[in-house]
Amino acid sequence: MVGGGAAVFDCDADARPDVFIAGGEGPAGLYRNVSEPAGPLRFAPVEGLSETAVTGAYPLDIDSDGLTDLAVLRVGENHLMRGLGDCRFENANAAWGFDGGDAWSTAFAATWEAGQDWPTLAVGNYIDRKEEAFPWGSCTDNWLHRPEGRGFAPPLPLTPSFCALSMVFSDWSNSGSRDLRVSNDREYYKGGQEQLWHMEAAPRLWSDKEGWKRLRIWGMGIAARDLDADGFNEFFLTSMADNKLQVLNPPAGKTLPQYADQAFKRGATAHRPFTGGDLRPSTAWHAQFEDVNNDGRADLFVVKGNVHAMPDFAQKDPNNLMLQRADGTFVEAAEVSGALSFANGRGGAVADFNADGKLDLLVVNRWEPPQVWRNSTQDPGGFVTVTLRQAGTNRDAIGAWVEVRTEGGLQRREITVGGGHMSGQLLPWHFGIGAAEMAEVRVIWPDGSASDWVQAQPGTAVLLER
């Protein structure tokens, strides 16, 4: 019903993104990418990672050993799977002191807090699956797993919790601190709302006295991106019929979480099917900002599908591929691009699967096989990719900001683990640069220090090491 995510990462060090796909009541699947460069997309199943009851997964290097691990969320005990190389994994719950619980887990985020060698993990949980009044029982507490030694302390409940379906740690105020944003499903909570947690010694919610405005939606997914390079993320929140594009209002010097919705102003409401004849409201899940046509502007991919058979919502509910125009508005392109689908979507990913510099699309569907679309755009703009490396802990520099500038302007993105709907990826970060003949790239590391600007020609894979 909820979940159905995908983790996209390179598990065999061949510079091609591999895919781990949740199976729900069926087995999850790990697929090795065997696509030829710039060729058709091909994947081969990998044996050995036998996970069941999986709702989603997120890749990250938990122990900073240079091998990507997997946080696997389940109906039942969650698993931290330690990467062994060559797409092999082992369960590390016991070795790392991780209490996987026994809930219906439906959201995840990770960050490195100041002074810590191990990450802080947040797990969002859905309704109590053991409640006799299912599905109208209470929402299970979310958990915060903070580091302790070479592993994790017992989980700290984040009370109150309201059936989370997405969460992300973000430096939303450009202040150097990362708070936890949680999107919740109002179908089940009583008195709940969207949440923003201060990450202090004892986490606490931002209150209305601090500028937080009460927002109640059927929160499914979160996509974050600094769309106008003003130093502050915009947040696209998926829901049923009422998707939000939240902009810090006003951004200049603002330290309070006061947001204005610009979804209608920018043409990004995606509130009902754009084709197919079903005019009932949409149900949106995974969302991701990426530049699919390499014009230097982040576009928006939204995966959709009816929860089950909800009569007040569209059954034929196609995914959205909204291209950002120069004025900051969006135009629908899923049908004209060939990416139209009426399958019942949940999770997804936007990634370059065949190393041709063009981002492809992956969707995980309910009751139907996953779908993947190869980007066959003719003569797109140029691009650069950026990989971050730190010695010691937090090797992938989660929490950093990457900046790319050309004569066309500045692009910024925060490096996070979380968001989307049960779907995460850890890959070289892709930036379209349009017709620019040269780009400059730098990173603002998680502690706030900045690298020098590095020049990069179109098609360059930039590695920034600290």
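This is a predicted model: local features need pLDDT of at least 70, side-chain atom pairs count only at pLDDT 80 or more; totals for chains, interfaces and linings use all residues.
Trainee: Okay, and why is β23 described as largely enclosed?
Mentor: Because 5 of the 5 residues of this strand, 320-324, are buried, the rest of the structure largely encloses β23. Strands here are DSSP runs of E, at least two residues, numbered from the N terminus.

Trainee: Which strand pairs with β23 in the antiparallel sense over 3 bridges?
Mentor: That's β22, residues 299-304. Two strands pair if DSSP finds at least two bridges between them. Within this pairing, Phe301 stands opposite Leu321 in β23. There's also β24, residues 330-332, which runs antiparallel to β23 and is joined to β23 by 3 bridges. Here Gln324 is the residue facing Phe330 in β24.

Trainee: How many residues come between β23 and β24 in their hairpin?
Mentor: There are 5. Have a look at Gly328 in that turn, which has a positive phi of about 90 degrees.

Trainee: Switching to holes. How many cavities of 30 Å³ or more does a search of the whole structure find?
Mentor: The search gives 2. A cavity is a set of points, on a 1 Å grid over the protein atoms alone, where a 1.4 Å probe fits but cannot get out; a pocket is an open set with protein on both sides within 12 Å along at least five of seven lines, and lining residues have an atom within 4 Å of a point. Points are joined across faces, edges and corners, and a volume is the space filled by probe spheres set on them.

Trainee: What's the volume of the largest cavity, then?
Mentor: The largest cavity holds about 390 Å³ of space. Its lining counts 26 residues, and those nearest the centre are Gln288, Glu290, Arg413, Thr416 and Gly418.

Trainee: Which strand gives the most to that lining?
Mentor: β21 does, with 5 residues. Strands that each supply at least two residues of the lining include β5, β17 (222-225), β30 (409-414) and β31 (417-418).

Trainee: And which residues line the second largest cavity?
Mentor: Val168, Ser170, Trp172, Asp179, Arg181, Leu196, Phe235, Pro257 and Tyr259. The volume of this cavity is about 40 Å³. β13 (164-170) and β14 (179-184) each supply at least two of the lining residues.

Trainee: Now the open ones. How much space lies in the largest pocket?
Mentor: About 910 Å³. Of its 44 lining residues, Asp10, Ala15, Leu426, Leu427 and Pro428 are the closest to the centre. β28 has the largest share of the lining, 5 residues.

Trainee: How about the second largest pocket: how much space is there?
Mentor: That pocket has about 630 Å³. It is lined by 27 residues, with Gly23, Gly24, Glu25, Val54 and Arg366 closest to its centre. At least two lining residues come from each of β3 (29-33), β5 (54-60) and β26 (360-365).

Trainee: Last topic, single residues. Where is Asp12, in a loop or a strand?
Mentor: In the loop between β1 (6-9) and β2 (18-21). Asp12 counts as buried because its relative accessibility is 16%. Beyond residues up to four places away in sequence, Asp12 touches Asp18, Arg32, Asp86 and Cys87. Contact here means heavy atoms within 4.5 Å.

Trainee: And Glu440, which strand holds that?
Mentor: Glu440 is in β34, residues 439-444. With 25% relative accessibility, Glu440 counts as partly exposed. Neighbours within four places in sequence aside, Glu440 is in contact with Glu403, Val404, Arg405, Trp453, Val454 and Gln455.

Trainee: What separates the C-alpha atoms of Glu440 and Val454?
Mentor: They are 5.3 Å apart, although the two residues are 14 residues apart along the chain.

Technical notes. Residues are numbered from 1 along each chain as its sequence is written. Side-chain values use heavy atoms; hydrogens and water are left out. Helices (H or I, at least four residues) and strands (E, at least two) are DSSP runs, numbered from the N terminus. Buried means under 20% relative accessible area, exposed over 50%, partly exposed in between (1.4 Å probe, protein chains only).
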